[in-house]
Amino acid sequence: MPNAGASGTVLLVVTEDWYLASHRLPLVRAAVADGWRVVAATRVREHASLIAAAGAEVVAVPMARENRGLGAEWAAMSALTRLYREYRPDIVHHVGIKPMLYGGWAARQAGIRRVVQAFAGLGHLYTEGGASPAKRFLLEQLLRPVTRGPCTMVLVQNDDDGAVLLRRRMTTPNRLRTIRGSGVDLERFNPSPLPGGTPLVVLPARMLVTKGVREFVAAARECRAAGVPARFVLAGRRDDANPDALAASELATWVAEGAVEWLDHVNDMPSLLQRATLVVLPSYREGMPKALLEAAAAGRPIITTAVPGCREVVADGVNGLLVPPRDGAALAAAIRSLLGDSARLQSMGAAGRRRAEAEFSDQIAGTRAVALYRELMQCSA
C-alpha cells in the first residue's frame, strides 16, 4: 500500500458510490489538497473513476442501504473491520446511518479511535410519519455507543439536527460539529438571466414521498386549474432502496394525466437550472439539500418548506419563500405569487447567488471538513 499522506490517512465510508460522487467529492479534493491520503470505501457501481479522479483510492465494500439479511449485513461489517485493520487509518469518516453503525463497531474492533460520525440528515429517522418510535429507540440504542467515544466527532448539517441529537443523548456539545452541507461548485453553477416564454417550475430531488412530490403535484394541478401558464417538472430518479420511494405507477399516472413532466435523473443540472424559472422543494425535513444550494448558486428563486435544512438555505422573502410542509394549497399560492412578479423573481435569484457565494461554496465546506480532521488529530484519549 502507498504511504500515508503528509497529514495522515482518512478512510471515508459511504454506502453508495453515486452519493459519494454527488455529495462528497469537494471533501475528497480539499483533504487531498491539504496533504491527506483519502481512501474511499463504498459499493462500487458506476462512479469509481470519478471518485478516483478527485484523488481518492477507491475500495469496494459489500454494503447496501437496503437490508439484505443477517448474513449479508454481517459480511459488510466484517469487511469494514478487515479494511480498517489493513489500512490503519488515522481517521475514519462515516456518512449515513449504516456506515455509522457498522463502521463504528468495526472501528472499535480494529482499534481505530478517531472517528467522524456524519449524519447526512435525520430524515426518515426523525420525520413525522417516518421511523416508528420502536425502531427509532432501537437505532438510538445501537448508535449511541459509537457516537459518544472520547475521540468521536458527530457531524450534522444544520443546528436543528444537532439539537435533536443532544436531546436524545446521541452526543455531547464538545463533540458536536456543524458543517452546512457539502457545498456547491460556484463555477459550474453560474447565474444567468431568467428565461422567457412559458415558466418552468422544477422540483429537483429523488422521487420520495418525503421530498414533497405529492404536494408539488397537487400544487401543479391547482395552478393549472387557475390558468397559470407554466410547466411543472420533476427531475430525479426513483429510489427503491428508500422506504419513502414513490411507486412507478403513481408517477406514470401523474404524467399521463398531464399534471407534471418527469425527466428521471438529470446529469446536466446546470443546463436544467438555466432553463428554470423557479425551483421548488417541499421537503418534510433535510440535512442541507444540495439541490437548493445549486439553485441558489445558479441565481434561481426558491420555494421550499419551513423545516430543518431547507430554512437554512432560504431566507423567507429574500431569496425565496418558505411555506408549511405537507400543504399543497400553500405551495400553489406561493408559486402563483412569484410567477406573477418578474421583478421579485429576479431580485430573489440575485440574492440567492450572493448567499451561495458567502455561505455555501464547496471551498468553504471543504476547508471546514479539513479543519475538523486537524482538530481530531489532536485527540489521543
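Visitor: By class, how many nonpolar, polar and charged residues does the lining of the largest cavity have?

Guide: This is a predicted model. In it, the lining of the largest cavity comprises 10 nonpolar, 6 polar and 2 charged residues. The cavity itself has a volume of about 180 Å³. Its lining counts 18 residues, and those closest to the centre are Arg-24, Leu-155, Ile-179, Gly-181 and Ser-182.

Visitor: Which helix gives the most to the lining of the largest cavity?

Guide: H15 does, with 4 residues. At least two residues each come from helix H2 (25-33), strand S6 (152-156) and helix H15 (362-377).

Visitor: Which residues line the second largest cavity?

Guide: The lining consists of Ile-179, Arg-180, Gly-183, Glu-359, Phe-360, Ser-361, Ile-364, Ala-365 and Arg-368. By class they divide into 4 nonpolar, 2 polar and 3 charged. H15 again has the top contribution, here with 3 residues. Ile-179 belongs to this lining and is also listed among the residues closest to the centre of the largest cavity.

Visitor: Now the pockets. How much space lies in the second largest pocket?

Guide: A cavity is a space the probe cannot leave, whereas a pocket is open. The second largest pocket holds about 210 Å³. Of its 14 lining residues, Arg-108, Ile-112, Arg-113, Gly-149 and Thr-152 lie closest to the centre.

Visitor: Which elements each supply at least two residues of that pocket's lining?

Guide: Helix H5 (97-110), strand S5 (115-118) and helix H7 (133-147) do. H5 gives the most, with 3 residues. The lining as a whole has 7 nonpolar, 5 polar and 2 charged residues.

Visitor: What tends to happen to nonpolar side chains in soluble globular proteins?

Guide: They tend to be buried together. Here, the largest nonpolar core has 62 residues, and Phe-232, Leu-234, Val-260, Leu-278, Ile-303 and Ile-335 touch the most other members.

Visitor: Which residues does Ile-335 touch, not counting residues up to four places away in sequence?

Guide: Ile-335 is in contact with Ala-219, Cys-223, Phe-232, Leu-278, Val-280 and Ile-303. Three of these contacts, Phe-232, Leu-278 and Ile-303, are themselves listed with Ile-335 as touching the most other core members.

Visitor: How many residues are in the other core, which lies apart from the largest one?

Guide: That core has 36 residues, including Tyr-102, Val-115, Phe-119 and Val-164.

Key. Residues are numbered from 1 along each chain as its sequence is written. This is a predicted model: local features need pLDDT of at least 70, side-chain atom pairs count only at pLDDT 80 or more; totals for chains, interfaces and linings use all residues. Side-chain values use heavy atoms; hydrogens and water are left out. On a 1 Å grid over the protein atoms alone, a cavity is a set of points where a 1.4 Å probe fits but cannot get out, and a pocket is an open set with protein on both sides within 12 Å along at least five of seven lines; lining residues have an atom within 4 Å of a point. Grid points are joined across faces, edges and corners, and a volume is the space filled by probe spheres set on the points. Ala, Val, Leu, Ile, Met, Phe, Trp, Tyr, Cys and Pro count as nonpolar, Asp, Glu, Lys and Arg as charged, and the others, Gly among them, as polar. A nonpolar core is a set of buried Ala, Val, Leu, Ile, Met, Phe, Trp, Tyr and Cys residues joined through side-chain atoms within 4.5 Å. Buried means under 20% relative accessible area, exposed over 50%, partly exposed in between (1.4 Å probe, protein chains only). Contact means heavy atoms within 4.5 Å.
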